[in-house]
Structure formats: C-alpha cells, structure tokens
Amino acid sequence: MKHVGIIGWRGMVGSVLLQRMVEEDDLHDISAHFYSTSSAGDPGPVIGDVSYTLKDAHSIEALAEMDIIITCQGGDYTKSIYPALINHGWQGYWIDAASALRMDEKACIILDPVNRANIDRAVEDGIKLFVGGNCSITLSLMGLAGLIKADLIEWMSVMTYQSASGAGAKHVRELIAQSAYINRYLSSEELATSGSVLPLVNKVSELINSTDMPTQSFGAPLMGSIIPWIDSDLGDGNSREEWKGEAETNKILGLPAGTIPVNGLCIRVGVIRCHSAAITLKLKREVNEAEFATLITDAHPWVNYVPNNKEESVSKLTPAYISGSPQVGIGRYKKMALNNEPIYSVLTVGDQLLWGAAEPLRRMLNILLGRV
Ligand SMILES: NC(=O)C1=CN([C@@H]2O[C@H](COP(=O)(O)OP(=O)(O)OC[C@H]3O[C@@H](n4cnc5c(N)ncnc54)[C@H](OP(=O)(O)O)[C@@H]3O)[C@@H](O)[C@H]2O)C=CC1
Ligand SMILES: N[C@@H](CC(=O)OP(=O)(O)O)C(=O)O
C-alpha cells in the first residue's frame, strides 16, 4: 500500500482537494497521512470512521516516509521543503499546486485532458515532480482544448477576471468581510428604491474607501472595486500572473517557449469562486460558430459550449452558475470586426478550485497509482 502525504488540506485548494478525493473514493487502497505547518500533533480530518492525527509538515524525516506527497501549502513551503527533502535522498513523487517549481526543467505541468501524452512520457522518463498549472491558464486551455488539438491558434490575448478565493482562504474571507462592513452601515430606508440613489452611492463609495474597511490581505478594497494586479511586479510592465500565460501554455502543450504567444491583463474581481477569461484569439483560418462548437465539445467531457446569445450567456456562462461544477463553460464566440482577419472573441468560465487546482492533482495521484 502506497503512503501518500497530504499537506495544505485545510487551505482553499486543499479543502476542495480533500472533498473531491473523498467523493471519488481516492483514499481507498492507500495509506493517507495528513500534515500541518501550524498544528502538528492535533486532530486532523475525520474521514469515514478514521480520525487522522496531524504530522509535522516541517519534519523532513516524517515526509521522507511517504511514497507520494501532494502539497497545496503554497510556494514558500515548496521552496523551503522540496530541496531539503531531495537532499535527504528522498525519491518519491511530489505533486504540487504551487507555482514555485512549475518552470523547473525537471517538472511536468499536469493537465491530463490536454497533455496526458506528455504526462505519460514524463512518468516513463522517471520524472517525479508534477505541478498543477496556473488556474487561469489551466481553465482557458481546458476550454480551448479542441482548437489546440486542431492546431488552430496563432496567438491569444487573455484578459482575466479572477475570483477572491483564487488568492486563498484569508482573502475570500476578507471580500466577504468587506461586504459585511458596508452592509453594517446601511439601513433598510436607504436601500428602499424611492428617492434619489445618489446619496446611497456616495455613502457606499465613502465606505469602500474608508480606512476601517478590512483590506489587510488584499491591500485594497475589492468589494465594489477591482484590483488590476495579481502576483509580483516583473518590472517590464507585466505581472508574474500575466507572464505565466505564455510560459505555462507552451510548457503544458510541450511546445518550445513562445510558440504560441500569449499576453494580457490579470484582474482580481469581487467574485467568490470561479475565474473567467475574455480571450481574443488569432486563428490560423476562419472557423465558424458551428465548427467551433463541434471542435470544443469533442475535445473532452469537461467542457460546456454556450451558444453566443444573450439568454444562454447570462444564465449559463457565469461564475454563479459554474461554481462547484467540473464543467468549464465557453461561449461569447464571435468574429471580431478587426481588419477581416480570423480574430475571434471567446469567454471561458471555470471553477479555479476544481480544474484550476484540485482536479489535476488528484488525477495525477490516480495516474501514478495506475487507476486511470
Ligand atoms: N486558491 C486557488 O484558487 C489556487 C491556488 N493555487 C496554489 O495553491 C497553493 C495553496 O493555495 P490556497 O489553498 O489558496 O492557500 P490558503 O491560503 O487557502 O491555504 C494555505 C495554508 O494556509 C494555512 N492557513 C492559515 N490560516 C488558515 C485559515 N484560516 N484557513 C485555512 N488555511 C489557513 C493552512 O496551513 P496549515 O494547516 O499548515 O496551517 C493552509 O494549508 C498556493 O501555492 C496557490 O498559489 C493554485 C491554483 C488555484
Ligand atoms: N494566482 C492565482 C491563484 C494561484 O495560486 O495561482 P498560481 O498557482 O499560479 O500562483 C489567483 O490568485 O487567482
């Protein structure tokens, strides 16, 4: 029986990962061990009739007992623990949600509906480092897999609308706390529809900018606003989140760097769960909506094509509709009136905690265990 260590299980990604592993019965036939960076020795999750005690996620000895480690603890943890474990002589498989090791030449980025052949080749070649891709890129590629397989994409501009939970548990709590802070100061009379709305708008605008608004995690108000920067500043006009777009897309597809140019802006929005991306696509030839729908839908079972009309877009292509679903929605496909070139718009919406994070990790475990 393989010993599988799970680190980060109470975080945003980890709690969804654990929920999915329980739903899919992934814990059968393995010996699971749960770790913590903050409360080793305390009671951990209770799954069925098994109560787990937490092991120390900083103990190299305790980690080295594992055949496979799945971590969603974050990049700083990976950067400090993974090299120490390797130096200790550990030879197990490391499956990671964090970006820290993604571009390492010994790492394979995992997104099996899109790059299963690359994953299988990596396993055969003895690669032991498997990293989930950036959530926005992963979800865009899941939506566009049919066009990728048909080699139809010349370049893409990806403009993201990333949810608060993409930044982690503390951040999504803060968005909800910001909303609660504003609500606390509003009376039912102020919310009534009669009279001028301007005093209400002005009051809420003041509350949003108040120094008492909880902004410790995001550093800025998100409720009623956007934050136009995600991850660090690379100093060349790009955020690191934007840089990942091209670097990871080509690596996931097993293409030489820069083969498919990808760039855009990554924006944090006051959405609870689900990342969206408005993508401008330069295709290699004209593709009408019917052909697009067939290519997209035939690619894999986790994509849902939404015809480009108001009724279906408004009802089926939203974070509210897609949250919690493994289906990645793709729609708003139309030819853009730009020089009559084959340039198209498309919107992808997907749950960044499922296909954007937890799903590739648990499926990689199942690939290593020979279950799929
Ligand atoms: N959030 C997302 O949508 C995505 C995240 N990722 C990546 O996955 C990794 C983990 O991200 P994410 O899960 O969002 O991070 P979180 O911040 O939600 O959780 C990370 C760790 O923080 C600790 N923690 C401290 N306080 C709390 C609290 N109040 N509630 C829960 N956990 C707490 C836990 O460690 P402990 O139990 O040891 O104290 C937990 O494992 C990161 O590298 C991230 O970049 C990748 C794709 C998508
Ligand atoms: N940065 C993404 C989530 C994430 O953690 O991405 P990455 O794994 O590439 O750091 C977001 O905030 O929405």
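Predicted model: local features only at pLDDT ≥ 70, side-chain atom pairs only at ≥ 80, totals over all residues.
I number residues from 1 along each chain as its sequence is written, and I letter chains from A and number ligands from 1 in the order in which they are written.

**Strand S10 and its partners**

I take helices (H or I, at least four residues) and strands (E, at least two) as DSSP runs numbered from the N terminus, and I call two strands paired if DSSP finds at least two bridges between them. Strand S10, residues 153-162, runs antiparallel to strand S13, residues 275-283, and eight bridges join them; in S13 I noted Lys282 as the bridge partner of Trp155. S10 runs parallel to strand S11, residues 262-263, with two bridges, and parallel to strand S12, residues 266-268, with three bridges. In S12, Cys266 is the bridge partner of Thr160.

**The open sheet**

I then followed an open sheet of seven strands, which has the order S5-S2-S1-S6-S7-S9-S8 with parallel pairing. Strand S5 (55-56) and strand S8 (107-110) stand at its edges, and each has a single partner strand, so one side of each is left without a neighbour in the sheet. S8 pairs with strand S9, residues 129-132, in the parallel sense over four bridges, and Ile110 stands opposite Gly132 in S9.

I also checked a UniProt record, an unreviewed entry, which lists residues 3-122 as "domain: Semialdehyde dehydrogenase NAD-binding"; its positions are given in the numbering used here, feature names are shortened, and annotations may be inferred rather than shown by experiment. Over residues 3-122 I read 34% helix and 29% strand, with the end C-alpha atoms 21 Å apart.

**The two ligands**

I count a residue as near a molecule if its C-beta atom, placed from the backbone, lies within 6 Å of it. Of the 27 residues around ligand 1, Gly11, Ser38, Ala98, Gly168 and Ala169 come nearest. Helix H1 (12-23), helix H6 (169-184) and helix H13 (354-368) are the elements that give two or more residues to this shell, and H1 gives the most, with three residues.

For classes, I count Ala, Val, Leu, Ile, Met, Phe, Trp, Tyr, Cys and Pro as nonpolar, Asp, Glu, Lys and Arg as charged, and the others, Gly among them, as polar. The shell around ligand 1 divides into ten nonpolar, 15 polar and two charged residues, whereas the shell around ligand 2 has four nonpolar, four polar and three charged. Among the residues surrounding ligand 2 I listed Ala98, Cys135, Gln162, Asp231, Glu241 and Lys244.

**The chain as a whole, and its end**

The protein chain has 13 helices and 16 strands, and its C-alpha atoms fill a box of roughly 70 × 55 × 45 Å, taken along the principal axes. I call a residue buried if 20 or more other C-beta atoms, placed from the backbone, lie within 10 Å of its own, exposed if 12 or fewer do, and partly exposed in between. Of the 372 residues, 39% count as buried.
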